[in-house]
Amino acid sequence: MKISIGSDHAGFRYKEAIKAHLEGKGHEVLDFGTHSDASCDYPVYIRPAAEAVAKGEAVCGIVLGGSGNGEAIVANKVKGIRCAVCFSLDTAKWAKGHNNANVISIGERTVSQELALQIVDAWLATEFEGGRHLNRINQIEG
């Protein structure tokens with residue numbers, strides 16, 4: 001599976017760990033940066049990661065920052081993106097199962113690296129439930 005990823009300086013360490021984790025599982029990762037922990041503006045890296053998903057260049061995406069909130073806001077400005085901030089296994093499963101989130105956002109300052117990797121795995125393993133949730137997704141998309 002082709003997955004886009006992007007972070008700011010506050011999410012850089014987890015971005016690198018998640019990228020290695022995904023590649024170790026055979027996924028192709030499109031890395032939109034940042035490429036260091038030097039202070040930077042997150043929209044520069046998050047928007048292209050989300051746009052890759054919206055354009056079909058990647059199946060899904062992961063964005064990271066300190067809290068994950070700003071990154072989710074940027075990703076959700078891209079038409080066709082449904083980005084959810086995930087901070088537990090349940091939020092990751094609900095993001096995909098109920099909201100069919102095609103991008104998730106994780107805050108490096110909010111969860112352990114071990115949990116971040118588990119969140120990614122849980123989200124990728126979860127299927128969209130459809131049913132009553134499909135009507136809601138259609139309403140989101142307008």
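Predicted model: local features only at pLDDT ≥ 70, side-chain atom pairs only at ≥ 80, totals over all residues.
Helices here are DSSP runs of H or I at least four residues long, numbered from the N terminus. By that count, His 21 sits in helix α1. Setting aside neighbours within four places in sequence, His 21 is in contact with Leu 117 and Asp 121. Its C-alpha atom is 20 Å from that of Glu 127, a residue 106 places away along the chain.

Two packed helices are described by the angle between their axes and the distance between the axes. For helix α1 (residues 12–24) and helix α5 (residues 113–125), the angle is about 50° and the axes are 10 Å apart. The two helices are therefore oblique to each other, and α1 passes α5 in a right-handed crossing. On the α1 side, the contact is made by Arg 13, Tyr 14, Ala 17, Ile 18, His 21 and Leu 22. Helix α5 brings Gln 113, Ala 116, Leu 117, Val 120, Asp 121 and Leu 124. Sorted by type, the residues of this contact come out as 8 nonpolar, 2 polar and 2 charged. An α-helix has 3.6 residues a turn, so residues three or four places apart point the same way.

Next comes helix α3 (residues 69–76), whose buried residues are Gly 70, Glu 71, Ala 72, Val 74 and Ala 75. What covers these residues includes helix α2 (43–54) along with strands β3 (60–65), β4 (83–85) and β5 (103–107).

Strand β1 (residues 2–7) holds Ser 7. With a relative accessible area of 0%, Ser 7 counts as buried, because the cut-off is under 20%. Beyond residues up to four places away in sequence, Ser 7 touches Phe 12, Lys 15, Gly 33, Thr 34, Tyr 45, Ile 46 and Leu 64.

That leaves the cysteines. A disulfide is a covalent bond between the sulfur atoms of two cysteines. Searching the whole structure turns up 0 disulfides. Cys 60 is in no disulfide, and the nearest cysteine sulfur, in Cys 83, is 11 Å away. For Cys 86, the closest cysteine sulfur is also that of Cys 83, at 7.8 Å. Cys 60 has 6% relative accessibility, so it counts as buried. Cys 86 is buried as well, with a relative accessible area of 1%.

Technical notes: Residues numbered from 1 in each chain as written. Heavy atoms only, no water. Axes fitted to C-alpha atoms, helices over the stretch in contact; angles between N-to-C directions. Parallel < 35°, antiparallel > 145°, perpendicular 65-115°, else oblique. Left-handed = near helix turned anticlockwise from the far one by under 90°. Contact = heavy atoms within 4.5 Å. Nonpolar A, V, L, I, M, F, W, Y, C, P; charged D, E, K, R; others polar. Disulfide = S-S within 2.5 Å. Buried < 20%, exposed > 50% of the residue type's maximum accessible area, 1.4 Å probe, protein only.
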